[in-house]
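Thank you all for coming. I would like to walk you through the cavities in this model, and then turn to its packing.

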Amino acid sequence: MASALAAKMGLNSLRRKQAKNFNIRISTMESDMEFSCEVKWKGKDLFDLVCRTLGLRETWFFGLQYNIKDTVAWLKMDKKVLDQEVPKEEPITLHFLAKFYPENAEEELVQDITQHLFFLQVKRKILEEEIHCPPEASVLLASYAVHAKYGDYDPNVHKPGFLAQEELLPKRVINLYQMTAEMWEERITACYVEHRGRTRDEAEMEYLKIAQDLDMYGVNYFLIRNKKGTDLLLGVDALGLHIYEPDNRLTPKCSFPWNEIRNISYSDKEFTIKPLDKKTNVFKFNSSRLRVNKLVERQRLEREKQLREEAERARDELERRLMHLQDEAHMANEALLRSEQTADLLAEKAQIAEEEAKLLAQKAAEAETEMQRIKVTAIRGQEERRLMEQKMLEAEMLALKMAEESERRTKEAEQLKQDLQEARESERRAKHKLLEITSKAVYTPPALPADSMPADLSFSRENLSFDFKDTDMKRLSMEIEKEKVEYMEKSKHLQEQLNELKTEIESLKLKERETPLDIIHNQNTEQGTSKHSNFKKLTLQSTKSRVAFFEEL
């Protein structure tokens with residue numbers, strides 16, 4: 001019977017390879033897509049088609065997963081799809097899922113579609129309890145999930161019971177408390193109301209920011225044994241490799257960051273890790289499944305490839321930013337040079353203006369002095385003219401008097417002449433002949449010289465003009481981009497919300513229903529141990545001591 005089934009499957013596989021096309025269904029967390037693919041297509045051809053259909057550019061986080069026997073496998077990019085151990089029935093079903101989780105979603109995720117796919121996958125893992133989530137965080141995450149779906153809370157629309165059909169909390173959390181569905185909805189809605197004003201993308205990002213601090217976020221677990229044969233779990237995530245006890249997937253016993261691991265290899269069922277410190281012995285563990293070893297090795301290689309790609313992208317981005325900053329610096333230098341030239345020109349104009357102002361003031365002072373001199377001269381001229389007129393008047397009066405005196409004397413002279421003539425006639429008569437003496441005196445008064453008037457002094461003021469035009473100075477502002485070196489801590493408001501929620505529902509808890517992971521989480525919380533603080537604490541130990549500790553577990 002088994003041989004007949006194998007023969008039938010082999011026949012189906014042969015027929016599929018002989019056909020030109022085959023049908024494949026790609027299942028995402030939100031919907032399914034079907035494609036008709038060519039038999040020669042490799043995994044990369046199919047993967048690229050799916051990413052193009054989704055509009056996804058941040059492809060390095062994702063892969064195509066399929067189920068095989070009692071485990072899962074990822075489609076290899078460099079091999080033909082039909083040459084891999086994909087399901088034999090058509091349409092072939094593959095799951096488009098995230099293979100690698102960002103350590104800090106807000107910093108590493110750029111596209112909205114990438115963020116949305118991560119949100120859906122992480123939400124599903126929390127609800128299916130593949131990621132342990134404490135009750136208070138579950139309620140807060142549920143409120144962000146509600147906001148991402150319904151938008152801002154509206155009491156006229158979101159009336160009691162509107163979440164009745166929604167799957168928002170893990171069943172473990174619901175069973176842990178003596179609370180009805182209405183009570184849970186009331187708690188979730190109270191948080192939902194506070195998210196008013198956020199967009200769907202912002203609500204999804206807040207969800208991821210809370211989820212990424214959960215202990216089991218992004219960790220893939222594999223069953224292993226050390227040299228002593230102790231059953232352990234190997235956890236692989238973005239930080240490195242972690243060793244867990246089987247009943248405690250929250251707190252690793254020891255951790256090895258990727259930057260401390262030089263090489264990973266496997267042979268048959270033995271897995272070997274070589275630390276970067278060559279003085280430290282390699283440590284080995286066994287897996288009962290060869291496929292697990294291959295998965296871990298492949299995941300490490302793909303993680304290294306992802307890190308290289310991210311480093312190259314970061315390098316390209318830095319180069320792009322450097323060129324952009326250089327262009328901005330060049331433009332800023334040119335603008336600064338123009339500003340300096342403008343400033344020099346303005347300074348020169350100001351100096352010229354100052355000199356011209358001084359010259360103008362000097363000329364104005366000279367003009368004022370000249371005006372004063374003119375006024376003084378004019379006053380003097382007026383006084384001289386007054387004196388001259390007075391002298392002319394006196395001269396005229398003198399001339400008049402002299403004319404009158406001349407006339408009087410002329411009359412006297414004529415009278416004397418007549419008297420003289422009569423006297424001479426008497427003498428001539430007396431002496432026979434008198435010499436007639438005739439004399440005439442004419443007096444012409446001297447003409448007074450007229451004083452000449454001083455020449456008018458005229459002053460023509462030199463007109464000076466200065467045209468000064470204000471130039472607006474543009475302020476140069478350059479925003480220097482600073483890369484964040486530390487991941488954001490939870491806000492104080494968020495922590496207060498979680499503590500408040502925990503206090504509100506603590507009295508309704510049924511402690512007998514707590515799972516081992518709930519108890520471990522509570523102990524870690526009481527001790528102040530978190531995912532990141534524990535990782536930092538473990539990696540402070542020497543690699544050698546961690547290897548020895550692993551072998552002694």
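For the classes I use, Ala, Val, Leu, Ile, Met, Phe, Trp, Tyr, Cys and Pro count as nonpolar, Asp, Glu, Lys and Arg as charged, and the others, Gly among them, as polar. This is a predicted model, in which local features need pLDDT of at least 70 and side-chain atom pairs count only at pLDDT 80 or more, while totals for chains, interfaces and linings use all residues. Residues are numbered from 1 along each chain as its sequence is written, and side-chain values use heavy atoms, with hydrogens and water left out.

A cavity here is a set of points, on a 1 Å grid over the protein atoms alone, where a 1.4 Å probe fits but cannot get out, and lining residues have an atom within 4 Å of a point. Grid points are joined across faces, edges and corners, and a volume is the space filled by probe spheres set on the points.

The largest cavity has a volume of about 120 Å³, and of its 15 lining residues the closest to the centre are Y244, L250, P252, K531 and N534. By class, that lining has six nonpolar, six polar and three charged residues.

The second largest cavity, with a volume of about 90 Å³, has a lining that includes Y101, D237, K531 and H532, and its residues divide into five nonpolar, three polar and three charged.

Turning to packing, L46 is in contact (heavy atoms within 4.5 Å) with residues including W41, L64 and L94, once neighbours within four places in sequence are left aside.

How values were computed
1 Å grid on protein atoms, 1.4 Å probe; cavity = no way out; pocket = protein on both sides within 12 Å on 5 of 7 lines; lining within 4 Å.
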